[in-house]
Each structure stands twice: as C-alpha cells, then as structure tokens.
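Subject: Structure handover

Hello,

Here is the structure I promised to pass on. My notes on it follow below.

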Amino acid sequence: MRDKLNLIAAMVVVGTIGIFVTYIPLPSSVIAFVRAVTGSLFLVIVMVAKKEKISWKTVKENGILLLLSGTALGFNWVFLFEAYHYTTVSVATLCYYMAPVFVILLSPLILKEKLTRVSVLCTVAAVVGAVLISGVAGSGGQDIRGIGFGLLAAFLYCSILLLNKKMKGLKDLEKTFFQLAISAVVMFIYVLSTQKLNTLQVTSRTLALLLIIGIVHTGIIYILFFSAIGRLPAQTSSILSYLDPVTAILMSMIILHQPLTLIQICGTILILGSTFANERLGLHKDEPVYVIVEREGINDKEDQNR
C-alpha cells in the first residue's frame, strides 16, 4: 500500500508542473537545465544511499544510446515547457500524450513489431482526439505553436522510449542518472550558446519556483518513483499514471482558469482512452508498448520487470 501511495503522490505532483512553469519568466532551456541538474544530484544521493555500484563497462557499451536519449530528454522538456507558454496546460499535456501514437507508428520500422487492429484503431482515435483538442473542429482554436511544441515533445519522448528498448544491461537508476546528467550538460551548452545570461532577471519568486520544480517535481519525484516502481505490478503503474494528465487538466481549469470546451473534452477522452486501451490490448498481449509511469520519466515496462 505504501508503494502505491508513493506512486500516487508522484503522479499528482508531476501533474502540477505545468502550473509552476507557467509562472516562471525564464527561457524554457534554462528551466530544463535547472531541472536536469537537480534531478542528477538527487539520483546521486539515491545511488549512494542504496550503495549502487556503476557498471562502467555496461555504460560504455550503451554510450551512444545514452547520449542520444539524454539529449532527447533535455529538448523534450524544452519543447514541453514552450508548449505551456503558447497554449493551455491541458492542451499541452494532451498533445504530449500523443507519444503512444508515435511509438505505435515507429515500432514496426525500428523494433520490427507488427501492428494489430487494436493498435491501428487506437492510433486513429488519438489522432482524431488531437484534432478536437486543437480547436480546429470548433471555435477558439489554440495557438498552433503550442500544439506544435507539445507534439515535438511527444515525439522526443517516443524516441527516448524506443532508444531505451535498444539498451542492454543497464539498471534503472544507472540509466536514468546518466540520461539526466547528459541532459544537464547538453542544456548547459545550449543555454550558453543561445541565451545572454547577464540579461536574465531572477527574482526571489522565480528562484523559489525553480527550486520547487527542481527539488519537488524532479528530485523528490524520482525518489518516490524508484521506491515504488520496482515493487508494483506494471498494470497498476499504468493505471495510476493517468493521475498525471487528469491532475494537469484539473489544475489548469481550477488555478489558471483554462477550461476545456465540450469538443476538447471529447478529444481528451479519445486520447487518454485510446492510450489506456492500447496498453491493455495493444501490440502484445503480455507487454503493453507504452506504459508511462512518470511523464518526464525514462522507464518503460521492460525496464520495470528487470
């Protein structure tokens, strides 16, 4: 029960990150850099506390995949945070949940997996849902930039999942730590090359919000995540993961006063419903292709069962 409560807490807290990012008047790359650094430091603490030993040989063997996935993770956050600024938190979150569609479409090419009728139907339903939440089908269309950034973030998250499936022998903590560390380095270089740091104004409020995102939404979340995920059934983790988008949508409506229209609610049901259906009935009867346990997390079902 404690593990389930830890995961529930993690999902609910992660679902609020869009609220905090919305109020941070800094470039998305800077926010992503702070988050990557904080997450890396917290995982170092976790690894030391657990006396985890790093298998440098295995890390080296997976070096290219770690480099690619770590880079994708950093820009995944950048695009997601940009989406929050250009559209509502609800719409950005739902666009991000289009990642399963990209996984399904790319799996036959990259993983040589066959599509099923259920997968194809879920993909079509999710695409229709994305059209509905974009506002194209009704009045009050969303800023196309927000939609685009959300979908780019989803595509990058999809690439992380597919790259993870190619990695061999790495423990969950090792994999996540190196991806976060690589992300921090890449974001540091990107920030230095694209931002004039002396022009950035960091007030006490901004600093507090950055610390919350770094410490609470990243460090503490990862501790809760790794304390629970190894001991919970994959189906339980999959179901509880839906607390993330539900929380994001509710917080967006209550705090930011960003309500969904009836058409967008229909789109929400199609996207989340198709994702859930595919996880339960999708590409493999014994292994769902897409189990999000933490929206910005790194692990899929294959990793959880190691």
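Let me begin with the contacts. Among contacts in the protein with a separation of 6 or more, 88% join residues 24 or more positions apart. Please keep in mind that this is a predicted model.

The overall make-up is quickly told. The protein has 15 helices and zero strands. It has 306 residues, and 54% of them count as buried. Its accessible surface is about 13500 Å². Carbon and sulfur atoms hold 70% of that surface.

Helix α3 with helix α10

Helix α3 covers residues 28–49, and helix α10 covers residues 172–194. Their axes lie 8 Å apart, at an angle of about 150°. Angles over 145 degrees count as roughly antiparallel, and α3 and α10 are therefore roughly antiparallel to each other. Their crossing is left-handed.

Which residues of α3 meet α10? They are Ser-29, Val-30, Ala-32, Phe-33, Ala-36, Val-37, Gly-39, Ser-40, Leu-43, Val-44, Val-46 and Met-47. On the α10 side, the partners include Leu-173, Phe-177, Leu-180, Ala-184, Met-187, Phe-188 and Val-191. By class, this contact has 18 nonpolar and five polar residues, and no charged ones.

Helix α5 with helix α10

Helix α5 spans residues 63–86. Its axis and that of α10 come within 7 Å. They cross at roughly 60°, so α5 and α10 are oblique to each other. This crossing is right-handed.

From α5, the contact uses Leu-66, Leu-67, Ser-69, Gly-70, Thr-71, Leu-73, Gly-74, Phe-75, Trp-77 and Val-78. From α10 come Lys-175, Phe-178, Gln-179, Leu-180, Ile-182, Ser-183, Val-186, Met-187 and Tyr-190. The tally is twelve nonpolar, six polar and one charged.

Leu-180, Ser-183, Met-187 and Tyr-190 of α10 meet α3. Leu-180, Ser-183, Met-187 and Tyr-190 also take part in the contact with α5.

Loop residues

Where does Lys-51 sit? It lies in the loop between α3 and α4 (56–61). Phi of Lys-51 is near 55°, a positive value in a residue other than glycine. Lys-51 is exposed, with a relative accessible area of 71%.

His-257 also has a positive phi, of about 55°, and is not a glycine. Its loop runs between α13 (243–254) and α14 (262–281). Is His-257 buried or exposed? His-257 is exposed, at a relative accessible area of 62%.

Arg-231 belongs to the loop between α11 (204–228) and α12 (234–240). Its relative accessibility is 58%, so it counts as exposed. Arg-231 and Asp-3 are 228 residues apart in sequence. In space, C-alpha to C-alpha, Arg-231 and Asp-3 are 7.2 Å apart.

Tyr-97 is in the loop between α6 (89–96) and α7 (99–110). Buried means under 20% relative accessible area. Tyr-97 has 2%, so it counts as buried. Its distance to Thr-268 is 9.8 Å, C-alpha to C-alpha. In sequence, Tyr-97 and Thr-268 are 171 residues apart.

Best wishes

Conventions. Residues are numbered from 1 along each chain as its sequence is written. This is a predicted model: local features need pLDDT of at least 70, side-chain atom pairs count only at pLDDT 80 or more; totals for chains, interfaces and linings use all residues. Side-chain values use heavy atoms; hydrogens and water are left out. Axes are lines fitted to C-alpha atoms, for helices over the stretch in contact, and angles run from 0 to 180 degrees between N-to-C directions. Helices (H or I, at least four residues) and strands (E, at least two) are DSSP runs, numbered from the N terminus. Angles under 35 degrees count as roughly parallel, over 145 as roughly antiparallel, 65 to 115 as roughly perpendicular and the rest as oblique. A crossing is left-handed if the near helix is turned anticlockwise from the far one by less than a right angle, and right-handed if clockwise. Contact means heavy atoms within 4.5 Å. Ala, Val, Leu, Ile, Met, Phe, Trp, Tyr, Cys and Pro count as nonpolar, Asp, Glu, Lys and Arg as charged, and the others, Gly among them, as polar. Buried means under 20% relative accessible area, exposed over 50%, partly exposed in between (1.4 Å probe, protein chains only). Accessible areas come from the Shrake-Rupley method with a 1.4 Å probe; for residues, only the protein chains shown count as cover.
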